[in-house]
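Hello,

Here is the structure I said I would pass on. My notes follow below it.

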Protein chains: 2
Amino acid sequence: MRITKFHIPTLKEISSDTSVISHKLLLKAGMIRQLASGLYTLMPLGMRVVNKIMNIIREELNEIGDSEVLFPIMQNNDAWVRSGREKGYCGPETLRIKDRHGVDMLFSPTAEESAHLIFEMDVKSYKNLPITFYQINTKFRDEIRPRFGLMRCREFIMMDAYSFDINEDDAKKNYNNHFKAYLKIFKKMGLTAIPMQAATGEIGGDLSHEFHIIAENGESGIFYDKKLDEITENLAQFDISELQNIYAKTDDKHDEKNCPTLPENLIYKRGIEVGHIFYYKDNYTKKMDITIQGQDGKLFHPVGGCYGMGVTRIMAAAIEVNNDEKGIIWHKSISPFDVILINLSPKDEKIIQKCNEIYNLFMQNNIDTLYDDTHSSPGQKFNNADLIGIPFQIILGSKGFEKNKIEIKNRKNGQISTVLIENLLQEIIKLL
Amino acid sequence: MRITKFHIPTLKEISSDTSVISHKLLLKAGMIRQLASGLYTLMPLGMRVVNKIMNIIREELNEIGDSEVLFPIMQNNDAWVRSGREKGYCGPETLRIKDRHGVDMLFSPTAEESAHLIFEMDVKSYKNLPITFYQINTKFRDEIRPRFGLMRCREFIMMDAYSFDINEDDAKKNYNNHFKAYLKIFKKMGLTAIPMQAATGEIGGDLSHEFHIIAENGESGIFYDKKLDEITENLAQFDISELQNIYAKTDDKHDEKNCPTLPENLIYKRGIEVGHIFYYKDNYTKKMDITIQGQDGKLFHPVGGCYGMGVTRIMAAAIEVNNDEKGIIWHKSISPFDVILINLSPKDEKIIQKCNEIYNLFMQNNIDTLYDDTHSSPGQKFNNADLIGIPFQIILGSKGFEKNKIEIKNRKNGQISTVLIENLLQEIIKLL
């Protein structure tokens, strides 16, 4: 994509009151724009990041056998009466409406009821289990005081999955598959997520984990056994139940006296919650009285769990973790582009031609390239490239060109390597 | 995907009152389920079709330089006051709400106001034009009587694009690029869309085209010059302005006396509207008083247009056009899977092994395969395969296996070709 044909409205200064770095950098890098309190437009660069995050989530959930669906955003309040959550859930944060026929509806904050209604329609026998539906869809929460940009807004993209199993053993296997998929998803995105025992709250049930990304400005304080740091880095070698039993709790649940971990092994950090998973047994199938036939011919209430992951929140959390004074530093898996090609001599016909060649070559090789073909000064181009945080910058000016050389700058550590132009493609492929 | 691990709740009969074939077949094939009046869940098969449609739209719009964004679904009513559309637009079909602070909000039926607000924030000069934003997002319309399944529901997925240009000439070029992209998108999906002159209605402006897919049960009657049939088949050879001037109008706008086409060249058919594009000049920038600096240094109101396309509606229209008494017939570009592999002898270990081999081979070659590994009877498997409409069925039973042969059935014409098992992959690659 040529910058002259793309819309990246970077800003030098931002006037709005932003207290967290992700909010500030998302605005400065032109990735989001606020249209009303807590309501943001994902701009072209931001949309590309979100599309990449969604696709990583899809890959890993499809891999464990989940099926993607899309539930309606508008839900009939009757379903919430049936599940017993009509009064309790979220209170005034839930956006409610009467439709033109006077029917009470609400705008999806979560979709347990919808998933159970869909299950009830067609699933009649234990033979059809396990089933897990997931959707990636917009959710609504009318926060009284939206803040922190994408961290706490009124409309956001979430992945929510709902599983149905015959019995607790199967359900816990399913739960563990999701637990593991979550760790894989975060790892793929270059993020370390710490799983921790959590309360089940309004969702119900007796088993639940939150996933927190460690970040200085995280909203929650978390205590955890230092073993977790090693394990999440070497996921494949560890048994999930072992992992789940290692101590990790948010500060409101941490109990110093009853903590099984020795004080010297306990780490305190701050974290951003990006996922929450629940095993809620047959709470919903019982409340809604949904039964299917078991192997013994008798009707029973299947058990299940739900799995949430904040898509737009992950984008913000990734920035909280990976940034410096110059701007964002994207991990290559979720960067809006693989590389940025910077033409330092945009008036020099030979350099233009060479940049065009490189751009076309990269596109043919499926290297997603942002090409800075503007007439801005080199300084402005470097600042912009550092701000928007694409992991590799490819820099061509007339000096290098004379020697048939081109620079590759690593955004994270600032290191520059100079390569022969004809070797550029293979060098970049190695990096990606 | 193995059917035993997927959720395709096909139905023999449907009890609900369905008057159009797409509604009936979407329900029978387990692709959608209704959760409330006019509110449908996209089930796993339906979701796959919608994902394919969305990706075709993205490809073609990215190709003409449009940038994908995502506007919030909740909009502040103030923006609609500013554009002057607050009172007029859609009336009671627009879902309105007061948020917890008493602010008037509405749930996006369209997003001209949002696009203009975003434009206003960052675009200050003619140098930044042209810009076209598009989003694929859920839209709401509180129909008084939702009907025809996905054809007229209360919540649906739409692509909506908004372009900004310096002057009428540029804007019309942009309009024509979208006009052409629309025809390409439909052609890629195996659909013929007839473009026709349309009224601009509540969107405003003086140039507008609707795109209708010809279908017996189409909601609109349309009159058009038979030349259009030839032209839309051979798009590349025709000039767009020539194409736009060929007579085509919906029956409510058709005027027999002033029709420039000879009666013998006039065709009357029924159509389903799947797209609508508008050039609305500076209507919005003037009403909202949005200006940028021109080449002469003076401020001016840029001009623009908008482009809508019904994503879930296209899925329904494709079924209206391509079906038979057995079920749906998908075009390969939007089929939920490329092929369906049918194991006729699911108790025979050798056949199971061979089917597994084929399945794995196909997956390695990126052939999206649905594998019917169930224990249903051959008759049930054939009926289901015909109902869900994947274009190519690959059928293996013990008789064929003994001769090292396998059948490929074309869903559309029912023709069966028998090939050697070792040649299967290359035969399928030829077909896709």
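**Notes on the model**

In chain B, three strands form an open sheet in the order β4-β6-β5, with antiparallel pairing. Strands here are DSSP runs of E of at least two residues, and helices are runs of H or I of at least four, both numbered from the N terminus; two strands pair if DSSP finds at least two bridges between them. The edge strands, each pairing on one side only, are β4 (74-76) and β5 (96-98) of chain B. β4(B) joins β6 (residues 104-107) of chain B through three antiparallel bridges, and Asn76(B) stands opposite Met105(B) in β6(B).

This is a predicted model: local features need pLDDT of at least 70, side-chain atom pairs count only at pLDDT 80 or more, and totals for chains, interfaces and linings use all residues. Residues are numbered from 1 along each chain as its sequence is written, while chains are lettered from A and ligands numbered from 1 in the order in which they are written.

In chain A, helix α2 covers residues 44-63. Its buried residues (20 or more other C-beta atoms within 10 Å of their own, C-beta atoms being placed from the backbone) include Pro44(A), Val49(A), Ile53(A) and Leu61(A). After α2(A) comes Gly65(A), with a positive phi near 90°.

The contact between the chains (C-beta atoms, placed from the backbone, within 7 Å) takes 40 residues from chain B and 40 residues from chain A. On the side of chain B that touches chain A, the largest share, five residues, comes from α4(B).

Regards

Definitions and conventions:
The expected span of a helix is 1.5 Å times one less than its number of residues. A residue is buried if 20 or more other C-beta atoms lie within 10 Å of its own, exposed if 12 or fewer, and partly exposed in between; C-beta atoms are placed from the backbone. Two residues are in contact if their C-beta atoms, placed from the backbone, lie within 7 Å.
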